[in-house]
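Hello,

Here is the structure I promised to pass on. Please open it first, then read my notes below.

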Amino acid sequence: MDGFNMHHNAGPNVSAAAQSGSQITAPVLTNNTITGHVNIIHNTPSSTLFRPPSETTQTSATSSVILKYKERICSEYQCVTEYNSLPGEHVLLSERYTQPLILQRHRGRKEREQEIRSSGESFKKVLSARSSDDSVHLNSLFDPNGHGIRPSAVILQGNSGNGKSFTVQKIMMDWASGDLYKERFDVVFHLKCKEINRICGIKSLAEILSCSCSLTSDQISQVLQHSPEKMLFIIDGFDELRLTQDINDMSPHTDLLQKAPAEVILCDLLRGRILPESFLLVTSRSTATYTLSKLLKGPQRFSEIMGFSEKGVEEYFQKFFQNEEHFRTAYTLVKENETLITACSIPVVCWIICTTIKERLKTAADVTSGLETTTSIYVDFVCTLLKHHCQGSSQSKTLLRSLGQLAERGMLEQQVLLDEKSVYETVSDPAGNPFLCKFLFKRRIHQETMFSFMHLSFQEFFTALYYVLLGKKRFQRKFTPLLPIDKYSSHGICLPRFSAVVQFAFGLLNKDVRRTLEEHGLVVHSKTQTYLKEWILEMGQNIHTHKSLFYFHCLYELNENDFVQQVMETCEIIDAYGVVISRTDCQALLYCCKYIEKLNLTECILSSEIFLMILPVFHEKKVSLNILVSSDSDHDLDELINALTREQTQRSQRIDVRFIFTKLENCELHLSINEELFSICIETSKSSWSLTLTFQCQELINIKWDKLIQIILQEDSDELRKVLCSFSELKKMKMKLDCLSEMWTHWSLQIIQNCSSLTELKVDAGLLQEEGIQILQRSRTRPACSVTFQGFTCNKSQKCTRYWDRDLGCNKMVKIHLSSSGFSMK
């Protein structure tokens with residue numbers, strides 16, 4: 001053993017020493033009797049193997065310190081101080097924290113573009129795919145990979161407001177409580193880079209840690225010498241760390257007791273120069289991840305917080321409101337807006353929306369009359385990041401203007417991934433900008449740096465903000481090309497890819513939104529307001545056409561009731577003929593409906609969810625309906641039909657609705673309702689078979705329509721007969737068959753005999769078989785109701801057995817009546 005000396009003679013002192021890089025192992029002392037004072041030294045500058053003479057006492061003392069530290073962490077970290085908390089206000093972490101979607105891989109350019117561009121249902125599918133394939137839990141961040149390699153350092157990347165610091169607080173709380181990393185880490189330290197920036201002078205690592213936790217520097221020094229291989233340092237917000245000198249020029253520091261500027265010591269900890277056996281978890285925005293990866297020791301693991309999945313958004317709302325009724329009201333309201341439900345994947349947006357709705361509920365306002373507009377939520381989001389994620393920047397106006405210019409360039413060039421050169425030409429400090437994301441992509445043998453906004457909707461918002469903050473002349477020059485040339489233009493709306501920009505622009509005219517912007521020195525010119533309002537007043541004559549949804553969105557975002565009423569006075573009817581109506585469209589449509597008398601939804605296509613949203617309008621307005629309602633669930637059927645019938649009892653005009661259920665591929669329903677009678681036609685695509693039933697409207701509440709549909713699709717004639725005969729108030733029934741066979745003839749007679757409420761039965765058969773006609777002739781049934789059988793008979797000697805077997809030379813139309821007087825045929 002190089003450099004090893006063992007003094008073993010009779011003298012009272014024994015010592016052993018090893019040079020750096022060597023070690024002393026227990027077998028050296030086997031079978032030796034040693035007396036006197038023993039001192040074993042491992043000669044390494046930053047020794048972590050040093051054990052004081054009374055090791056048992058030290059371990060016990062260290063454990064006691066760590067235990068008290070854990071208790072203090074549990075006390076400090078159990079509560080959350082929110083952005084708008086007043087002094088002393090807080091909420092429990094357990095009542096807020098929701099596990100975000102965390103991926104442990106880099107996504108390619110196409111994946112990034114897909115995430116940024118998609119919204120609503122398509123965005124939900126993207127997140128669902130990411131969640132099922134690659135998501136991980138907090139407890140697996142340091143697990144070995146497929147090759148058995150355990151990372152020493154984990155990068156946890158995420159955009160501003162995506163919950164990085166919140167996640168760190170959860171890790172600290174769960175570790176201290178014994179619920180996370182119990183066997184893996186004996187001690188976990190939390191260093192916030194914002195606080196590191198405020199530490200003056202030179203400090204040792206122990207002194208730096210004491211600034212951010214409840215332990216003294218002496219206690220920390222004691223803990224740092226205890227099992228560093230079971231120690232985790234969490235460095236929160238690396239992108240916020242202000243380095244006073246170049247990282248590469250920093251002198252290395254390896255001694256725990258050595259002092260230096262705080263950022264220098266922190267960088268040496270990240271590099272593994274100090275406590276190399278310890279583990280690191282570093283959070284950062286994407287703009288600083290590349291710098292961090294070059295600095296950080298290995299082996300490294302990359303992970304990224306994408307925000308909330310669809311399930312995560314719902315869970316967050318549920319935790320926030322706790323009251324089930326309030327949760328349902330809030331979550332349903334947000335789901336109706338595709339832009340907002342997409343933005344809710346960003347945790348801070350989730351918080352803003354929940355806070356806004358909660359305030360409405362407190363003041364007993366009608367929360368369902370419309371959430372704060374999409375624009376107002378985005379403005380609140382921007383102001384929150386400016387205040388809490390921008391290191392106190394006082395240059396809000398300059399920063400937002402440069403972002404707007406960058407966003408506009410991307411919109412004009414139809415790009416969501418922006419090249420590095422364009423970004424640096426427009427934005428002075430992209431790395432410090434909380435609204436931009438930075439990505440590294442592989443391009444052949446090189447890496448390519450690209451930037452983006454968090455989502456396309458934020459790019460659209462910043463473009464609109466840039467436009468409305470311009471002077472009148474520059475605004476008109478840039479904005480006018482986006483709008484229709486005149487009210488009679490062929491397309492009738494703005495360029496499709498700029499429609500959201502125009503809607504955001506109207507939202508920025510709202511007086512409450514303008515007041516918020518003015519607090520940050522941002523003023524929307526009064527002549528800009530006048531120009532946009534005059535334009536939509538002029539275009540108001542188009543608002544009754546099927547192109548009107550775009551205008552409704554503009555008016556909804558503006559959300560000034562007096563002006564909206566002024567615009568809507570130019571038309572008597574809203575005509576949405578043939579439009580596919582989304583949840584977001586429905587919200588805007590219902591808002592503008594308050595100011596008109598008539599609504600035409602003929603040939604519109606709605607989901608079952610939107611259909612239920614729009615139902616209350618039916619008894620308030622004169623509604624022309626002949627709509628297609630689609631649904632993914634056959635369980636919606638009872639709710640939809642009964643809800644429609646309940647609304648219709650308050651009306652006198654007829655409603656026609658067609659339902660298509662995605663899960664019932666072979667079935668389609670046509671409903672016709674007036675104030676007294678309800679008629680439903682059930683058709684199957686397997687054949688020309690159909691069944692039309694007519695009831696009194698008030699009798700529908702007990703009918704299980706989904707069960708009836710399943711029986712029809714299963715072609716179970718016996719079960720169908722039993723169900724139909726159980727309807728005590730069935731008034732009329734009409735059947736359409738390919739062929740009136742012997743079986744269907746007996747079936748029809750049994751219906752007549754067992755359904756006493758029936759006043760009319762019609763059977764329209766493509767082909768009347770001879771056997772069926774003979775059964776009717778011989779029947780002794782003398783119904784009180786009107787019974788008619790109609791179809792073709794075959795004149796050929798070899799009779800047709802199916803409707804499609806016949807040809808023009810053998811058919812003859814026959815109509816058979818069966819009544820109290822007996823059988824008759826024409």
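Start at L693. Leaving aside neighbours within four places in sequence, L693 is in contact with F678, S679, I680, W705, L708, L724, F727, L730, K732 and M733. Bear in mind that this is a predicted model.

L693 also stands out in the largest nonpolar core, which has 174 residues. Together with F317 and F381, L693 touches the most other members of that core. Helix α17 (residues 456-468) gives the core its largest share, nine residues. As a rule, nonpolar side chains in soluble globular proteins tend to be buried together.

Next, L532. This residue sits in helix α21 (residues 526-538). Is L532 buried or exposed? Its relative accessibility is 0%, and buried means under 20%. L532 therefore counts as buried. Beyond residues up to four places away in sequence, L532 touches F475, F479, A505, F506 and L509. V502 is 30 residues from L532 in sequence; their C-alpha atoms are 9.5 Å apart.

Now the sheet. Three strands make up an open sheet, ordered β14-β16-β15, with antiparallel pairing. The edges are β14 (418-419) and β15 (436-443), each pairing on one side only. Two bridges join β14 to β16 (residues 446-453), in the antiparallel sense. For L418, the bridge partner in β16 is F451. Helix α15 (residues 396-412) lies across β14, β15 and β16. The helix runs at about 110° to β16.

How many cavities of 30 Å³ or more does a search of the whole structure find? The search finds three. The largest cavity holds about 300 Å³ of space. Its lining has 24 residues. Nearest the centre of the largest cavity lie E115, F123, N159, M306 and M454.

Which elements each supply at least two residues of that lining?

- helices α2 (109-117), α3 (120-134), α12 (338-343) and α17;
- strands β13 (300-307), β15 and β16.

Best wishes

Terms used: Residues are numbered from 1 along each chain as its sequence is written. This is a predicted model: local features need pLDDT of at least 70, side-chain atom pairs count only at pLDDT 80 or more; totals for chains, interfaces and linings use all residues. Side-chain values use heavy atoms; hydrogens and water are left out. A nonpolar core is a set of buried Ala, Val, Leu, Ile, Met, Phe, Trp, Tyr and Cys residues joined through side-chain atoms within 4.5 Å. Buried means under 20% relative accessible area, exposed over 50%, partly exposed in between (1.4 Å probe, protein chains only). Helices (H or I, at least four residues) and strands (E, at least two) are DSSP runs, numbered from the N terminus. Contact means heavy atoms within 4.5 Å. Two strands pair if DSSP finds at least two bridges between them. Axes are lines fitted to C-alpha atoms, for helices over the stretch in contact, and angles run from 0 to 180 degrees between N-to-C directions. On a 1 Å grid over the protein atoms alone, a cavity is a set of points where a 1.4 Å probe fits but cannot get out, and a pocket is an open set with protein on both sides within 12 Å along at least five of seven lines; lining residues have an atom within 4 Å of a point. Grid points are joined across faces, edges and corners, and a volume is the space filled by probe spheres set on the points.
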